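Work through the exercises below with the coordinates open. Each task is followed by a solution in steps.

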Amino acid sequence: MSKLTDIDQIAAAKGIDLSVNLAGITLKNPITTASGTFSPHESSEFYDLSELGAMITKGIASIPWDGNPVPRIAETYGGMINAVGLQNPGVDYYIEHELPFARKFDTKIIANVAGHSITEYCSVVERLNETDVDMLEVNISCPNVKEGGIGFGTSCDMASKVTREVKRLTTKPIIIKLTPNVTDIASIAQSVEAEGADAVSLINTLLGMKIDVHRKRPVIANKMGGFSGPAVKPVAVRMVYQVRRAVNIPIIGLGGIMTGEDVVEFLMAGADAISVGTAAFANPTAPVDIKRELIDYMERYGFKNLQEIRDAFQG
């Protein structure tokens, strides 16, 4: 039984139910942390992680990944570009050193899975299936090294194959994280749903670039990187809206969420839960601040649960 945190108690006193059923897993509230932007050890110094509906880990690979050369992060108008390259210490290190710390908090744990091949994805999923993580989020934006580096999530066929193979190896709910760098994201979502995906999360970062006109070269050593932040929110909301009308499985919406009203916008577009990412780089307490703002919005307009917000949308 989940304990009520300070902010949860405020919501309960107002008669507001923030809970979410995500593929059979109950989250206390819809606020999760976007993969790649969150570290339990560091974030716990700023707020009680039990305030989260779920913590989504950084990408976890079968072996340690060094990531890309520096510089690999750059600020830009309305957001940031990153080409960190999913640097991580590998699944064995995660299970031994990071998962025990995360389990100290009363929140769900969603492990993000990365891989350069279907074999690598499957290896991580098999190891994590032996643990007590609650759900798995599979990042299909990773490059398929056997297909010239093209992202797994850029075609229905490759997205389907990854989903099919990981689903047969785990009893845990599988969330497929979708890339926006495609022509028709709704078709990709339908493909993974058909192969048994329990939920989808979107959007991952848009492909962007920044040039230093004084040095006359790209700011990022990798030349291009993932663009995130408030500037991408209209694209993310549009894609969530489209995917909601294409699939029946739950959606975690993300991309540029900075405020409680941003959360409401994603809920009205069709999301069941949301992830906060880039906002936490500017404000480490962004997830809990946004949670408070969501409660304030619901009280102001008389909403008692999240479904009422979705039902109120007239689009």
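The model is predicted: local features need pLDDT of at least 70, side-chain atom pairs count only at pLDDT 80 or more, and totals for chains, interfaces and linings use all residues. Residues are numbered from 1 along each chain as its sequence is written, and side-chain values use heavy atoms, with hydrogens and water left out.

**Exercise 1. Salt bridges**

Task: Find how many salt bridges there are, and characterise the one between Glu51 and Lys291.

Solution. 
Step 1. Apply the criterion: a side-chain nitrogen of Lys or Arg within 4 Å of a carboxyl oxygen of Asp or Glu. The count comes to 18 salt bridges.
Step 2. For Glu51 and Lys291, the closest N and O atoms are 2.7 Å apart. Glu51 sits in the loop between helix H2 (40–43) and strand E4 (54–56), while Lys291 belongs to helix H10 (residues 286–301), so the pair ties together parts that are 240 residues apart in sequence. Helices (H or I, at least four residues) and strands (E, at least two) are DSSP runs, numbered from the N terminus.
Step 3. Classify the burial: buried means under 20% relative accessible area, exposed over 50%, and partly exposed in between (1.4 Å probe, protein chains only). Glu51 is buried at 7%, and Lys291 is buried at 1%.

**Exercise 2. Two further pairs**

Task: State where the partners lie in the salt bridges Arg164 with Glu195 and Arg300 with Glu261.

Solution. 
Step 1. Arg164 and Glu195 have their closest N and O atoms 3.1 Å apart. This pair links distant parts of the chain, with Arg164 in helix H5 (residues 156–167) and Glu195 in the loop between helix H6 (185–194) and strand E10 (199–202), 31 residues apart.
Step 2. Both ends are classified from their relative accessible area: Arg164 is partly exposed at 36%, and Glu195 is partly exposed at 26%.
Step 3. The side chains of Arg300 and Glu261 meet at 3.7 Å, N to O. Arg300 is in helix H10 and Glu261 in helix H8 (residues 260–269), so the pair ties together parts that are 39 residues apart in sequence.
Step 4. Arg300 counts as exposed at 51%, whereas Glu261 is partly exposed at 49%.
Step 5. Salt bridges that share partners also join Asp8, Glu51 and Lys291 into one network.

**Exercise 3. Helix H8**

Task: Is H8 largely enclosed by the rest of the structure or open, and what do its buried residues pack against?

Solution. 
Step 1. Seven of the 10 residues of H8 are buried, so the helix is largely enclosed by the rest of the structure. The buried residues are Gly260, Asp262, Val263, Val264, Phe266, Leu267 and Ala269.
Step 2. Using contact as heavy atoms within 4.5 Å, these residues pack against strand E3 (31–33), helix H7 (233–244), strand E15 (251–254), strand E16 (273–276), H10 and helix H11 (306–312).
Step 3. Inspect the ends. At the start of H8, a side-chain oxygen of Thr259 comes within 3.4 Å of the backbone nitrogen of Glu261. After H8 comes Gly270, with a positive phi near 130°.

**Exercise 4. Surface patch**

Task: Which residues make the nonpolar surface patch?

Solution. 
Step 1. Leu207, Met209, Ile211, Val213 and Met224 make a patch of about 510 Å². Areas come from the Shrake-Rupley method with a 1.4 Å probe.
Step 2. Leu207 lies in strand E11 (residues 206–209) and is exposed at 59%.

**Exercise 5. Backbone geometry**

Task: Locate the cis peptide bonds that end at Pro71 and Ile203, then the positive phi values of Ala23 and Lys223.

Solution. 
Step 1. The Val70 to Pro71 bond is cis, with omega about -5°; Pro71 is in the loop between E4 and strand E5 (73–76).
Step 2. The Leu202 to Ile203 bond is cis, with omega near 10°; Ile203 is in the loop between E10 and E11.
Step 3. Ala23 has phi near 55° and lies in the loop between strand E1 (20–22) and strand E2 (25–27). Ala23 is partly exposed at 28%.
Step 4. Lys223 has phi near 75° and lies in the loop between strand E13 (217–218) and strand E14 (224–228).

**Exercise 6. Cysteines**

Task: How many disulfides does the structure hold?

Solution. 
Step 1. A disulfide is a pair of cysteine sulfur atoms within 2.5 Å. The structure holds zero.
Step 2. Cys122 is buried at 9% relative accessible area, and Cys156 is partly exposed at 31%.

Note on methods:
A polar contact is a pair of N or O atoms within 3.5 Å; within protein, one must be able to donate a hydrogen and the other to accept it, and residues adjacent in sequence count only if both atoms are side-chain atoms. Patches are made of residues with over 30% relative accessible area and no salt bridge: like charges are joined within 9 Å, nonpolar side chains (Val, Leu, Ile, Met, Phe, Trp, Tyr) within 5 Å.
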